[in-house]
Amino acid sequence: MAQFKRGQIVNIPCNIQQGAFPHEVLVTIHSDRGVVSGFVDSSSVIRQKGRAYVQGVVIGASGDSVQVRLPGSFFTTAAGLTTVSSGWARDNLMEARAQ
């Protein structure tokens, strides 16, 4: 995906583990800007071809970075916001398809 725009829904690759409650999972995202982890509702996780993705919304995009709001409660980022480089985003984020 070459371009990102505000409001766009994207799937972000992640590792998941069962959370403390049946409806939640622990999500860990490894990006070029560090590790982001927290709890999300299991309905926000997409499983495709043996991989897991959490859905987020692009808040902003520039020539060198993309900022995404993540659903849920995260330990390592304020208000569920994370920023990745544009290169990492192009290589790893996938546009969410209407279901």
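The lining of the largest cavity has seven nonpolar residues, two polar ones and no charged ones. The model is predicted. About 50 Å³ of space lies in this largest cavity.

**The cavity**

- The count comes to one cavity of 30 Å³ or more.
- The residues that line the largest cavity are I12, I29, S31, V36, V68, T82, V84, W88 and L93.
- Strand β2 supplies at least two residues of that lining, and so does strand β8.
- S31 and T82 are both in the lining.

- Strand β2 covers residues 24-31, and strand β3 covers residues 34-41.
- These two strands pair in the antiparallel sense, over eight bridges.
- A hairpin of two residues joins β2 to β3.
- Which residue of β3 is the bridge partner of L26? The partner is F39.
- Strand β7 takes in residues 73-74.
- β7 pairs with β3 in the antiparallel sense, over two bridges.

**The aromatic pair**

- The count comes to one aromatic pair.
- The pair is formed by F39 and F75. Their ring centres are 5.4 Å apart.
- Two numbers matter for such a pair: the distance of the centres and the angle of the planes.
- Is the pair of F39 and F75 stacked or edge-to-face? The planes stand at 90° to each other, and the pair is edge-to-face. The cut-off explains the label, because planes over 60 degrees apart count as edge-to-face.
- F39 lies in strand β3, whereas F75 lies in the loop between β7 and β8 (81-85), so the pair ties together parts that are 36 residues apart in sequence.

**Around F75**

- Is F75 buried or exposed? F75 is exposed, with a relative accessible area of 52%.
- F39 counts as partly exposed, at 27% relative accessibility.
- The two labels differ because exposed means over 50%, while partly exposed runs from there down to the buried limit of 20%.
- F75 touches L26, S37, G38 and F39, leaving aside residues up to four places away in sequence.
- S37 is 38 residues from F75 along the chain, yet their C-alpha atoms are separated by 6.0 Å.
- Two of the residues that F75 touches, L26 and F39, are also bridge partners.

Terms used
Residues are numbered from 1 along each chain as its sequence is written. This is a predicted model: local features need pLDDT of at least 70, side-chain atom pairs count only at pLDDT 80 or more; totals for chains, interfaces and linings use all residues. Side-chain values use heavy atoms; hydrogens and water are left out. Two strands pair if DSSP finds at least two bridges between them. Helices (H or I, at least four residues) and strands (E, at least two) are DSSP runs, numbered from the N terminus. Rings of Phe, Tyr and Trp (its six-membered ring) pair if their centres lie within 6.5 Å; planes under 30 degrees apart count as stacked, over 60 as edge-to-face and the rest as tilted. Buried means under 20% relative accessible area, exposed over 50%, partly exposed in between (1.4 Å probe, protein chains only). Contact means heavy atoms within 4.5 Å. On a 1 Å grid over the protein atoms alone, a cavity is a set of points where a 1.4 Å probe fits but cannot get out, and a pocket is an open set with protein on both sides within 12 Å along at least five of seven lines; lining residues have an atom within 4 Å of a point. Grid points are joined across faces, edges and corners, and a volume is the space filled by probe spheres set on the points. Ala, Val, Leu, Ile, Met, Phe, Trp, Tyr, Cys and Pro count as nonpolar, Asp, Glu, Lys and Arg as charged, and the others, Gly among them, as polar.
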